[in-house]
Amino acid sequence: MVLIIVATVVGALTPSLARQITHARINRAANVVAGDFYLAQSLAVRQRSPVIVTFDGGLKTTTIALPNGTALFTRRFDIESEFKLSAFSASPASVTLLPSGMANSSVTVTIGGSDYNKRVRMTRAGQIRIIG
């Protein structure tokens, strides 16, 4: 009898717990993308050279590189990473950050799962916001 009650309680809590874990991963991934923007800004200032941030929606990666193509940092957001994201896209797919802190264009990164999404937006002025 006790086992039936325990099984019923565990069965009722499992969907809620899985949803909370998914939301926490998406929130954490959004914070990490925002942190990567800050990192790219810092690297551009430190290097006194533009830095290019490229987003690959197919591989679900973010790469920070120098204009000559040398990759400084790559982060994965795919199903095998700690974030386990099912949706990752950016518009535009790359942005150049200048040593002044400015960017060549605004960029919006969309991060999500099946029913929950976050967007990270960086303006041309370098302001970074997590939306949604």
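Here are some questions and answers on the aromatic pairs, strands and salt bridges of this predicted model.

Q: How many aromatic pairs does the structure hold, and which residues form one aromatic cluster?
A: Let's start with the rings. The count of aromatic pairs in the structure is three. One aromatic cluster is formed by Phe77, Phe83 and Phe88.

Q: Is the pair of phenylalanine 77 and phenylalanine 88 stacked or edge-to-face?
A: A pair of aromatic rings is described by the distance of the centres and the angle of the planes. For phenylalanine 77 and phenylalanine 88, the centres are 5.0 Å apart and the planes meet at 15°. Planes under 30 degrees apart count as stacked, so this pair is stacked.

Q: How many residues apart in sequence are the parts that phenylalanine 77 and phenylalanine 88 tie together?
A: Phenylalanine 77 sits in the loop between strand 3 (71-76) and strand 4 (87-91). Phenylalanine 88 belongs to strand 4. The pair therefore ties together parts whose separation in sequence is eleven residues.

Q: Are phenylalanine 77 and phenylalanine 88 buried or exposed?
A: The cut-off for buried is under 20% relative accessible area. Phenylalanine 77 has 0% relative accessibility, and phenylalanine 88 has a relative accessible area of 5%. Phenylalanine 77 is therefore buried, and phenylalanine 88 is likewise buried.

Q: Which strands are the edge strands of the open sheet of four strands?
A: The strand order in this open sheet is 4-6-7-8, and the pairing is antiparallel. From one strand to the next, the twist averages 15°. An edge strand here pairs on one side only, which holds for strand 4 and strand 8 (128-131).

Q: In strand 7, what is the bridge partner of valine 109?
A: Strand 6 (residues 107-112) and strand 7 (residues 117-122) are antiparallel and pair over six bridges. Valine 109 has as its bridge partner in strand 7 valine 120.

Q: Which residue in the hairpin of strand 7 and strand 8 takes a positive phi?
A: Strand 7 and strand 8 run antiparallel and are joined by four bridges. Methionine 122 has isoleucine 128 as its bridge partner in strand 8. The hairpin has five residues between the strands, and the residue with a positive phi, near 95°, is glycine 126.

Q: How many residues apart in sequence are the parts tied together by arginine 28 and glutamate 82?
A: A search of the whole structure gives four salt bridges. In one of them, the side chains of arginine 28 and glutamate 82 meet at 3.9 Å, N to O. Arginine 28 lies in helix 1 (residues 2-47) and glutamate 82 in the loop between strand 3 and strand 4, so the parts they tie together are apart in sequence by 54 residues.

Q: Is glutamate 80 buried or exposed?
A: Let's compare the partners in turn. Arginine 76 is partly exposed at a relative accessible area of 39%, while aspartate 78 counts as buried at 16% relative accessibility. Exposed means over 50%; glutamate 80 has 65% relative accessibility and therefore counts as exposed.

Conventions. Residues numbered from 1 in each chain as written. Predicted model: local features only at pLDDT ≥ 70, side-chain atom pairs only at ≥ 80, totals over all residues. Heavy atoms only, no water. Phe/Tyr/Trp six-rings, centres within 6.5 Å; stacked < 30°, edge-to-face > 60°. Helix = DSSP H or I, 4+ residues; strand = E, 2+ residues; numbered from the N terminus. Buried < 20%, exposed > 50% of the residue type's maximum accessible area, 1.4 Å probe, protein only. Pairing = 2+ DSSP bridges. Axes fitted to C-alpha atoms, helices over the stretch in contact; angles between N-to-C directions.
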